[in-house]
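Subject: Model for your files, with notes

Hello,

Here is the structure I promised to pass on. Please look through it alongside the notes below.

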Amino acid sequence: MYLYSRIVLTVAGTCIALGGLYDVFTPRLPPNLGRRCFGNKEGRIAIRELLRALGGCLVSIGAAVGVLATTLGHQYDSRTVALILTLVLPSEGMNAMGMHRVGSPYIVPLFFILLTVSGAALALLGF
């Protein structure tokens with residue numbers, strides 16, 4: 001991959017990983033998720049642990065995208081681009097859909113998708 005695409009894809013991977021770290025280390029449930037538990041302590045614990053599991057997956061995906069963008073693609077490689085898109089589109093797409101359903105700011109994962117697709121397009125165009 002070329003310089004601009006590598007930069008954009010590395011930034012996208014970093015953003016995805018940082019978003020996952022927020023989910024992993026959040027000290028308590030966000031208010032929109034806490035309200036859905038209706039005071040059920042066990043439900044709050046379950047949702048918090050599921051949020052942490054999701055965050056761990058997103059950290060791994062973001063790190064993989066960053067590694068793929070910086071180390072494997074020193075020149076045009078459509079398989080690397082396809083792998084990056086295969087990692088990001090389903091994970092962040094489902095994340096955005098789930099966030100939309102519970103009233104969270106789903107624009108953030110959509111921005112990460114847009115950033116990744118932009119970096120992939122730059123790579124395929126040779127930038």
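Predicted model: local features only at pLDDT ≥ 70, side-chain atom pairs only at ≥ 80, totals over all residues.

Residues are numbered from 1 along each chain as its sequence is written, and side-chain values use heavy atoms, with hydrogens and water left out.

Overall picture

The chain has five helices and zero strands (DSSP runs numbered from the N terminus: H or I of at least four residues for helices, E of at least two for strands). From the N terminus, the order of elements is α-α-α-α-α. Along the principal axes, the C-alpha atoms fill a box of roughly 55 × 20 × 20 Å. Among contacts (heavy atoms within 4.5 Å) with a separation of 6 or more, 72% are between residues 24 or more positions apart.

Helix packing

Two packed helices are described by the angle between their axes and the distance between the axes. Here the axes are lines fitted to C-alpha atoms, for helices over the stretch in contact, and angles run from 0 to 180 degrees between N-to-C directions.

The axes of H4 and H5 (residues 107-125) come within 8 Å and cross at roughly 165°. That makes H4 roughly antiparallel to H5 (over 145 degrees; under 35 is roughly parallel, 65 to 115 roughly perpendicular and the rest oblique). The crossing of H4 and H5 is left-handed (the near helix is turned anticlockwise from the far one by less than a right angle; clockwise would be right-handed). Residues in this contact include Val 81, Leu 85 and Met 99 of H4, and Ile 113, Val 117 and Leu 124 of H5.

H1 also packs on H5, at an angle of about 160° with the axes 8 Å apart. H1 is therefore roughly antiparallel to H5, and passes H5 in a left-handed crossing. One of the H1 residues that meet H5 is Val 8. Val 8 is in contact with Leu 115, Ser 118, Gly 119 and Leu 122, leaving aside neighbours within four places in sequence. Val 8 and Gly 119 are 111 residues apart in sequence, yet their C-alpha atoms are 5.1 Å apart.

Gly 55 is in H3 and counts as buried, at 0% relative accessibility. Setting aside neighbours within four places in sequence, Gly 55 is in contact with Gly 20, Asp 23 and Val 24.

Asn 32 lies in H2 (residues 31-35) and is buried as well, with a relative accessible area of 13%. Its side chain makes a polar contact of 2.6 Å with the side chain of Ser 104 (N or O atoms within 3.5 Å; within protein, one must be able to donate a hydrogen and the other to accept it, and residues adjacent in sequence count only if both atoms are side-chain atoms). A polar atom of the Asn 32 side chain also lies 3.1 Å from the backbone oxygen of Val 102.

Regards

Definitions and conventions
Buried < 20%, exposed > 50% of the residue type's maximum accessible area, 1.4 Å probe, protein only.
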